[in-house]
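The sequence and the model are shown first, and a description by topic follows.

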Amino acid sequence: MTDLSKPPLHLGQTSALPASPEAAVLDYVPNPRPGKPYLVRFTAPEFTSLCPVTGQPDFAHLVIDYAPGETIVESKSLKLFLGAFRNHAAFHEDCTVGIGERLFAEMNPVWLRIGGYWYPRGGIPIDVFWQSGEPPAGLWLPPQDVPGYRGRG
């Protein structure tokens with residue numbers, strides 16, 4: 001659960017890219033519309049991590065959708081967290097699901113889903129999806145609109 005008594009670490013400050021996803025500190029601020037069902041979407045079309053076997057870079061287009069609870073994630077801290085994966089070696093499944101699980105555990109949204117649309121390595125694109133459960137009734141869920149691989153972009 002998030003401690004809102006502490007001010008955001010990154011907002012309005014100069015912040016270096018964390019050395020690892022584990023070292024990254026995500027900031028959360030109070031939801032400005034608590035009790036209202038709405039969707040927040042973050043899109044990271046240039047996400048990178050490293051292959052844990054070859055050390056070669058892997059590229060993905062991430063789409064994170066969530067229905068806020070009491071807090072929202074501060075976007076600069078999310079950008080730094082995602083950037084910390086640049087030197088992190090993990091399989092696509094671990095990166096995608098791990099990001100979703102960490103956000104869900106810390107922010108405690110009503111609902112969260114993440115789509116990881118990974119570019120081909122060895123000729124095979126891998127798409128990874130995770131969600132925290134069923135979306136709330138009445139929540140507008142736009143499609144993620146990332147095309148199946150055909151020169152994705």
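Asn108 is found in the loop between α2 (92-107) and β5 (111-121). Helices (H or I, at least four residues) and strands (E, at least two) are DSSP runs, numbered from the N terminus. The model is a predicted one, in which local features need pLDDT of at least 70 and side-chain atom pairs count only at pLDDT 80 or more, while totals for chains, interfaces and linings use all residues. Residues are numbered from 1 along each chain as its sequence is written, and side-chain values use heavy atoms, with hydrogens and water left out.

Although Asn108 is not a glycine, its phi is positive, at about 55°. Most residues other than glycine have a negative phi. With a relative accessible area of 40%, Asn108 is partly exposed; buried means under 20% relative accessible area, exposed over 50%, and partly exposed in between (1.4 Å probe, protein chains only). Asp145, in the segment after β6 (124-131), also has a positive phi, near 55°. Asp145 counts as exposed at 66% relative accessibility.

## The sheet and its helix

An open sheet of 4 strands has the order β2-β3-β5-β6, with antiparallel pairing; two strands pair if DSSP finds at least two bridges between them. Its edge strands, β2 and β6, each pair on one side only. From one strand to the next, the twist averages 15°. The helix α2 lies across β2, β3, β5 and β6, and runs at about 160° to β5. Axes are lines fitted to C-alpha atoms, for helices over the stretch in contact, and angles run from 0 to 180 degrees between N-to-C directions.

The antiparallel strands β2 and β3 are joined by 9 bridges, and Phe47 stands opposite Ala60 in β3. These two strands form a hairpin with 6 residues between them, and Gly55 in the turn has a positive phi of about 80°. β3 also pairs with β5, in the antiparallel sense, over 8 bridges. Here Ala67 has Trp111 in β5 as its bridge partner, and Tyr66 stands opposite Leu112 in β5. Of the 11 residues in β3, 9 are buried.

## The nonpolar core

A nonpolar core is a set of buried Ala, Val, Leu, Ile, Met, Phe, Trp, Tyr and Cys residues joined through side-chain atoms within 4.5 Å. The largest one has 26 residues, of which Phe47, Val73, Phe81, Leu82, Ile99 and Leu103 touch the most other members. Two or more residues come from each of β1 (28-30), β2 (40-50), β3 (57-67), β4 (71-73), α1 (75-83), α2 and β5.

Beyond its neighbours within four places in sequence, Phe47 is in contact (heavy atoms within 4.5 Å) with residues including Asp58, Phe59, Leu82, Cys95, Ile99 and Trp118.

## Aromatic pairs

Rings of Phe, Tyr and Trp (its six-membered ring) pair if their centres lie within 6.5 Å; planes under 30 degrees apart count as stacked, over 60 as edge-to-face and the rest as tilted. The count by this rule is 6 aromatic pairs. The rings of Phe47 and Trp118 have centres 5.7 Å apart and planes at 85°, so this pair is edge-to-face. Because Phe47 lies in strand β2 and Trp118 in strand β5, the pair ties together parts that are 71 residues apart in sequence. Both residues, Phe47 and Trp118, are buried.

Phe81 and Phe85 form an edge-to-face pair, with 5.4 Å centre to centre and 75° between the planes. Phe81 and Phe85 are both buried. Ring pairs link Phe47, Phe81, Phe85 and Trp118 into a cluster.
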